[in-house]
Amino acid sequence: MGSQEDHSVHVAIIGAGIAGITLGIGLLERNIPFRIYERAPGFREIGAGIGFSPNSERAMGSLSPAMLSAFKRVANPNGEDYFQWMFGHAGGGGGSSINPSSFDHDKLLYKLYVGKDGFQGSRRSDILEEWSKQIPPDLISFGKELESITDDSGAGDSPVEMRFRDGTIARADLVIGCDGIRSRVRQHVLSPPDSSTTTSSSNDASLPLPKSVNPHYSGKFCFRDLAPMSSAVAAIGEYKSSRRFMYNGPGAHVITYPVAGNKFLNVLVVISDPGGVEGWPAELVAQGRHTVRGLTKQEAVDAFRGWNKTVRGIVDLLPDELEKWAIFDMAEHPAETYVKGRVALAGDAAHATGPHLGAGGGLGIEDALCLAGLIQAVPGQIAQRSKGEGEGGIGSALAEEKEIKEKLVERALKIYNDVRYERTQWVVQATREAVDLFQWKDGSGQDPAEFAKEITEKFHKVWDYDLDDMVERAVKELEKA
Ligand SMILES: Cc1cc2nc3c(=O)[nH]c(=O)nc-3n(C[C@H](O)[C@H](O)[C@H](O)COP(=O)(O)OP(=O)(O)OC[C@H]3O[C@@H](n4cnc5c(N)ncnc54)[C@H](O)[C@@H]3O)c2cc1C
């Protein structure tokens, strides 16, 4: 009955960050109709750096070879195919009482091979600009802030309906929420089944929403900067400025890698908040604010008294006026599911994680690959299952086909959830464990052999994931359904 095109599934993507844009490019590659709705007036990313791990690159290539080529065009060579961890501090429980001059040499803790040209960094704005060129402008609507979703599954010919802040409405066969850590779509997905299928205001305290609807402060904050390479070389030398390094110590760590054709050294300084998970001011939590501007860099400088000269040199590269970023994640209150009916979550909306394994962005690209593979398989399954025009005539055949489509879409999203849930949740927890090792929580992370074992296992579990098998398993499951 009909051609594959007649059975096509129309996808709405909420959000044009890493997850949304890579999903869009993957759907375009597979001729699947879609539209991205983004609340910002245009594509927008901060200038800070991001590194993509080997699994992320493989996911990009499988979604669209052009997407991977675009990343490689802006990716910065690492100077050496190793990730090197250094003692940033003398350790041994000396804390800040140690005289800085007593530990002013660089001492390797561990180095991990990242694969040929692996784990390269780029400026976020550079990669987003490259990828955005691959989305035809007529497939993205800017200035569209999603407010609510209505999904009357089982009500016959009733697509999912999205309402936007500007009063407009759009409809699609399914909606993928790629709307980031403070996801509005997550509210819809996690709202209890007996509450309305429509999610209204995010600030409506009367809604019986679970804690997992919001991300929570991880007890870590960070400072990010792109230091001009000439200053970086003057501070820490050419060797350390042109490679991927992390400097570990008590209660903090610093990561550096070159970006933008070696024009800048990306600096990420992560500090354990003395106030722990309660440390981010309650009024900022209530406002959903993860950043504070206008701080002096004294807080950063103070945190690194007693660290070695290299680390103090890197911290000194930070500008005098800083923005402080609270790191929120979903480790303590994970989403119970990523899917409800014909609506699913992907990327940070599903499983926001800290940056410490460099894996959050890559997980969103893997989600996009899994979704693209499953959604691509749906039209063929509709065609197989639709019996065609029987006794009831064309009207009855169309109604039957719509019902089949709705069920298959729901089934595909349920399979997506089942295939992605365990791995993504593991990464969220492993990221918390990794930062404890980097920051020597309870004295851990200082023994090179133990550190090597734990860190190699964690990174390789992120990097070595079999993406072809993921898609194959998911599609086979759909065919069985
Ligand atoms: C300091 C730091 C360093 C990191 N480093 C790395 C790294 O090296 N490697 C890595 O892989 N990951 C890294 N991550 C994680 C990575 O940045 C995130 O996982 C990734 O950016 C999330 O992408 P996303 O598309 O899911 O969400 P986002 O990038 O947040 O995109 C969400 C989009 O949705 C839009 N939106 C939001 N609400 C609505 C609405 N209601 N309606 C319409 N649109 C909406 C937003 O405007 C935005 O464009 C790091 C994170 C941090 C904090």
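Contact here means heavy atoms within 4.5 Å. By this criterion, among contacts in the protein between residues at least 6 apart in sequence, 77% join residues at least 24 apart. The structure described is a predicted model.

The protein contains 15 helices and 19 strands. Its radius of gyration is 24 Å, which agrees with the value near 23 Å that a compact globule of 481 residues would have. Along the principal axes, the C-alpha atoms occupy a box of roughly 90 × 50 × 40 Å. Buried residues make up 55% of the 481. The accessible surface amounts to about 19,700 Å², and carbon and sulfur atoms account for 50% of that area. Charged side chains comprise 53 positive and 66 negative groups, with the centres of the two sets 3 Å apart.

Two annotations from the UniProt record, an unreviewed entry, were placed on the model. The record lists residues 9-192 and 316-378 under "domain: FAD-binding". For the span 316-378, the end C-alpha atoms are separated by 54 Å, and the composition is 38% helix and 22% strand. The annotation "transmembrane region" in the UniProt record (unreviewed entry) covers residues 12-29. In the model, the end C-alpha atoms of residues 12-29 lie 16 Å apart, and this span is 67% helix and 17% strand.

Helix α2, formed by residues 54-63, is largely enclosed by the rest of the structure, because 7 of its 10 residues are buried. The buried positions of α2 are Pro54, Asn55, Ser56, Glu57, Ala59, Met60 and Leu63.

Val160 belongs to strand β9, which spans residues 160-164. The relative accessibility of Val160 is 0%, so Val160 counts as buried. Beyond residues up to four places away in sequence, Val160 touches Ile149, Thr150, Asp151, Ala170, Arg171, Ala172, Asp173, Leu174, Val175, Arg342 and Val343. Asp117, in turn, is 43 residues from Val160 in sequence, and their C-alpha atoms are 43 Å apart in space.

Ala252 lies in strand β14, which covers residues 252-259. With a relative accessibility of 1%, Ala252 is under the 20% cut-off and therefore counts as buried.

Backbone geometry was considered at two loop positions. Most residues other than glycine have a negative phi. Asn31 has a positive phi, near 60°, and is a residue other than glycine. Asn31 is located in the loop between α1 (18-29) and β2 (34-38). At 70% relative accessibility, Asn31 is over the 50% cut-off and so counts as exposed.

Phe119 likewise has a positive phi, near 50°, in a residue other than glycine. The loop that holds Phe119 runs between β5 (107-113) and β6 (120-123). Phe119 has a relative accessible area of 2% and is buried, whereas Asn31 is exposed.

Conventions. Residues numbered from 1 in each chain as written. Predicted model: local features only at pLDDT ≥ 70, side-chain atom pairs only at ≥ 80, totals over all residues. Heavy atoms only, no water. Helix = DSSP H or I, 4+ residues; strand = E, 2+ residues; numbered from the N terminus. Rg over C-alpha atoms; globule rule 2.2 N^0.38 Å. Buried < 20%, exposed > 50% of the residue type's maximum accessible area, 1.4 Å probe, protein only. Areas by Shrake-Rupley, 256 points an atom, 1.4 Å probe, with all protein chains shown as cover. Lys, Arg positive; Asp, Glu negative; His and termini not counted. Charge placed at Lys NZ, Arg CZ, Asp CG, Glu CD. UniProt positions renumbered as here; feature names shortened; annotations may be inferred.
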